Amino acid sequence: MNYPVWTVPFLGTTWIIGLVACIHIFISHFAVGGGMFFAVTEWWAYKTGDDRIYDYLKKHSQFFLILTTVAGVVTGVGIWWAIGLVNPSGTHTLIQIFTLGWAEEYLFFAAELATIFVYYYTWNRIPREQHLSLAIWYAIMSVFTLIIINGIITFMLTPGNWLESRYWLEGFFNETYWPSLFLRLLIMAALAGMYALLTASLIKSDLDFRAKMLKYASKWFIPIFILGPIIGYWYFTNLPADAVENIMTGIQSSGIGNFSVLARAIYLSMILSGTILVFVFVGPYLNPKGFSFNAALLFMVCGLVVTGIGEWSREMLRKPYVVYDYMYSNGILKDDAAKLNAQGTAFAMVAKWTPEGASTQRLGKDMFKYQCMSCHTQNGYRGIKRLLGERDEEAIVSFLQLLQESDPDKNPYHGIMPPLVGTDAEVAALAKYLATLKENEPATQHVAATTSGEPRTSLE
Amino acid sequence: MSTVTQKAYQWLDARLSISAWQAMAEKKTVPHHEFSVWYYMGGIALVLLMVQVATGGLLMVYYIPEIASAHASILKINTQIDFGWFIRSLHSWGANLMILGLFFHLFSTYFMKAYRAPREITWLTGLGLLVLCFAFGFTGYLLPWDEMAFFATKVGIDITSKTPIIGEYMATLFRGGPEVSQVTLSRFFVIHVFVLPASLLGLLGIHLLLVQLHGMSEPKVFRERPKEQQSVEKFFPTFVLKDLMIWMLVLNVLAAAATLAPWGLGPEADPFAPAPAGIKPEWYFLAMFQILKMIPAYVGPIEGEHVGMLLFGLVGALFAAIPFLDRHGEGKNHHLISEAAKWFGIVVLAGFIIFTIWGMLE
């Protein structure tokens with residue numbers, strides 16, 4: 001409400017972050033897992049003195065360098081652009097709380113980047129011991145980027161004691177920090193194996209060596225399949241009670257469909273993880289000679305899909321917050337929402353970009369933009385027109401009043417959607433606007449901010 | 001192998017001749033060439049069939065084949081039974097994917113001319129299995145007793161009645177009377193869970209036995225290579241392990257469909273209500289449905305639908321007869337027949353795709 005709103009028709013802004021973030025995760029996790037892979041594999045090559053492994057690593061590092069430094073960096077910057085545009089309130093909160101954390105992350109990242117360039121360009125130019133040291137140094141630097149960013153990502157789901165103390169380290173080392181860190185390390189190792197399967201399947205000169213490397217790459221899945229379920233359970237037991245409740249509701253209502261998409265996504269990721277284990281076992285492990293590049297590619301798609309679903313589920317677990325128990329996904333602080341509704345303060349009074357004396361239509365539109373559009377679109381993803389169904393204006397008012405209820409027994413969307421903030425007149429204006437949406441063709445949307453109106457009082 | 005495992009193996013081997021089976025499987029080879037990917041299609045259909053058997057058995061625990069309760073029992077499976085929705089979704093999505101897999105299997109076999117001697121009976125049993133799967137789809141579609149199922153079945157049986165000579169008899173046999181009723185549901189249920197599985201078991205047994213007996217067919221592109229360039233791989237373990245790998249991918253697709261788009265249930269069928277707009281059969285019958293819709297009411301003195309059914313019958317008969325018409329380098333017109341068979345297949349496949357999409361878009 002303190003920032004202009006970016007609207008993206010049909011896809012919605014959440015998917016902009018989702019798509020950029022998914023690609024970035026596929027690459028950044030490989031960057032860290034790949035670091036561990038280089039260190040261990042080069043150590044293996046050093047111990048055995050096998051030149052073929054060195055040759056393979058050199059080629060693999062070229063692919064690694066290009067992918068992580070070009071696509072990884074571009075999507076990394078892309079995430080900042082996307083979250084800054086989509087959820088500026090959440091972004092500024094994270095920057096303010098973790099200023100020192102971000103600075104540290106940046107330093108490790110710069111060291112990581114510098115090391116990988118040196119690592120690649122010093123192949124066959126420096127003694128093997130020194131090159132191995134570079135691999136180990138890169139692995140350490142890249143793991144440290146995870147150590148930092150993991151604290152910030154987990155903070156958003158479980159802010160821990162920060163909610164009381166407002167001390168950043170208490171938010172950083174929160175309830176899910178350690179299980180999440182170990183879980184991600186396991187995923188990263190598996191992803192490193194997955195990418196290695198792809199590059200190893202391209203070895204053409206020596207088929208026995210190709211089989212050896214494929215079998216070796218498949219062993220990188222062993223840690224996640226032994227420890228994954230245990231650490232996954234550890235993570236689950238540290239989730240906020242309401243998030244667990246949401247999963248349980250979803251499990252019970254999976255057949256009906258209401259609120260069950262998260263539970264169904266979790267089932268899918270569990271099934272896919274199981275089939276991936278069998279796939280690795282019967283494919284590159286038992287039959288490396290018969291494992292083709294195409295199979296590696298298909299396998300990679302499955303692996304990335306599971307990773308994507310896992311990340312998406314984590315994001316969904318946080319609903320309706322962007323910082324759990326502190327800030328809702330539409331950028332309104334939890335305490336402010338309760339205070340405004342209790343005092344009967346108009347939402348327009350705190351929405352900077354809504355002009356004084358705005359028309360009912362403008363008020364309704366702004367209510368929709370500031371309170372609904374962070375999750376809903378008009379016609380596309382979570383399309384409001386489809387979700388409203390056959391409801392007329394009166395029915396929409398009743399529904400919106402339901403969303404203002406703070407009692408979970410009266411509001412079935414409690415814990416799933418943020419409470420609606422606004423006076424009766426504002427709720428009526430929103431209902432009128434939503435009813436108009438249903439009647440009219442979709443209005444042209446602009447990728448632009450509201451331009452008129454003076455900024456008004458802020459709650460912050 | 002540890003001593004215990006070794007002893008267990010010896011015990012089983014003495015009774016089941018495992019080593020003999022293993023030796024046979026290891027002796028068998030699979031040609032390796034650019035079209036090898038099509039060899040996996042039959043296996044894909046097979047694994048999906050296994051899913052159908054397992055999930056179908058579970059659904060039977062709660063399904064009630066009685067018109068007053070059928071819809072409610074499916075609703076209960078979907079909403080009250082733990083993971084009932086998942087089992088049902090696997091069954092419904094699995095059926096559709098299986099038929100898709102069978103189409104790939106059918107047309108890849110056709111275009112690689114794998115129906116030629118000595119595989120004529122394998123081809124015919126394969127066609128028989130496809131017909132049985134269509135029948136599975138048709139009978140299973142009615143069982144939830146929802147609006148769309150009821151009216152689509154009604155239309156489907158009406159179309160069957162247009163088959164020349166035996167049509168009316170078949171329609172009455174399916175319906176068990178003049179209207180779709182409890183008798184129809186009972187008959188469809190028995191056909192779906194007993195008659196078809198029993199028939200399928202027998203036919204599939206023969207089909208798989210013949211596949212093992214004759215081995216994988218070698219396409220022309222492979223046969224014409226010099227012997228030293230004809231690379232093969234062992235059926236066991238190499239091909240079997242690859243098969244398992246592909247099965248995992250297929251199960252992933254099935255799991256994704258079942259979890260992300262659980263199979264729905266329409267409102268309960270009301271036989272006295274007017275038919276809803278836009279009744280369509282399942283996608284694999286859609287091409288035929290669309291063609292029948294386009295044929296005029298009368299073609300000369302003959303009723304249009306009779307003509308349509310005759311046309312489908314003719315295409316089916318030609319497919320069945322193809323191994324006997326298009327044979328290995330026999331007769332002076334052999335090349336011509338081979339080309340004609342190829343183009344006939346292309347026309348049928350293109351027609352199937354075009355009319356199916358057309359039907360979907362309408």
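**Close-up views of a predicted two-chain model**

**Figure 1. The largest nonpolar core of this predicted model has 177 residues.** The residues with the most contacts inside this core are A:A189, A:A190, A:A192, B:L48, B:M98 and B:L254. Helix α8 of chain A makes the greatest contribution to the core, with 14 residues. In soluble globular proteins, nonpolar side chains tend to be buried together.

**Figure 2. Helix α8 of chain A covers residues 177–200.** This helix has 24 residues, and 34 Å lie between its first C-alpha and its last. That span is close to the 34 Å expected at 1.5 Å a residue. Most of α8(A) is covered, with 20 of its 24 residues buried.

**Figure 3. The surroundings of B:L48, one of the residues with the most contacts inside the largest nonpolar core.** Which residues does B:L48 touch, not counting those up to four places away in sequence? They are B:G94, B:L97, B:M98, B:G101 and B:V250. Of the residues in this view, B:M98 is also among those with the most contacts inside the core.

**Figure 4. The contact between chain A and chain B involves 20 residues of chain A and 20 residues of chain B.** On the side of chain A that touches chain B, α12 (261–285) and α13 (293–317) of chain A each supply at least two residues. The element that gives the most to this side is α12(A), with ten residues. By residue type, the side of chain A that touches chain B is made up of twelve nonpolar, seven polar and one charged.

**Figure 5. A:T69 lies in helix α2 of chain A, which spans residues 51–86.** A:E170 is 101 residues from A:T69 in sequence, and their C-alpha atoms are 32 Å apart in space.

**Figure 6. Domain 1 (1–30) and domain 2 (32–285) divide chain B.** The centres of domain 1 of chain B and domain 2 of chain B, taken over C-alpha atoms, are separated by 33 Å. Contact between them involves six residues of domain 1 of chain B and ten residues of domain 2 of chain B. On the side of domain 1 of chain B that touches domain 2 of chain B, α2 (18–27) and β1 (29–31) of chain B are the elements that give two or more residues. The largest share of that side, three residues, belongs to α2(B). The residues of this side of domain 1 of chain B comprise two nonpolar, two polar and two charged.

Figure 7. Of the 362 residues of chain B, 32% are buried. Among contacts in chain B with a separation of 6 or more, 78% join residues 24 or more positions apart.

Terms used. Residues numbered from 1 in each chain as written. Chains lettered and ligands numbered in written order. Predicted model: local features only at pLDDT ≥ 70, side-chain atom pairs only at ≥ 80, totals over all residues. Contact = placed C-beta atoms within 7 Å. Helix = DSSP H or I, 4+ residues; strand = E, 2+ residues; numbered from the N terminus. Nonpolar A, V, L, I, M, F, W, Y, C, P; charged D, E, K, R; others polar. Expected span 1.5 Å × (residues − 1). Buried ≥ 20, exposed ≤ 12 C-beta atoms within 10 Å, placed from the backbone. Domains from an automatic or database assignment. Core = buried A, V, L, I, M, F, W, Y, C linked by C-beta atoms within 7 Å.
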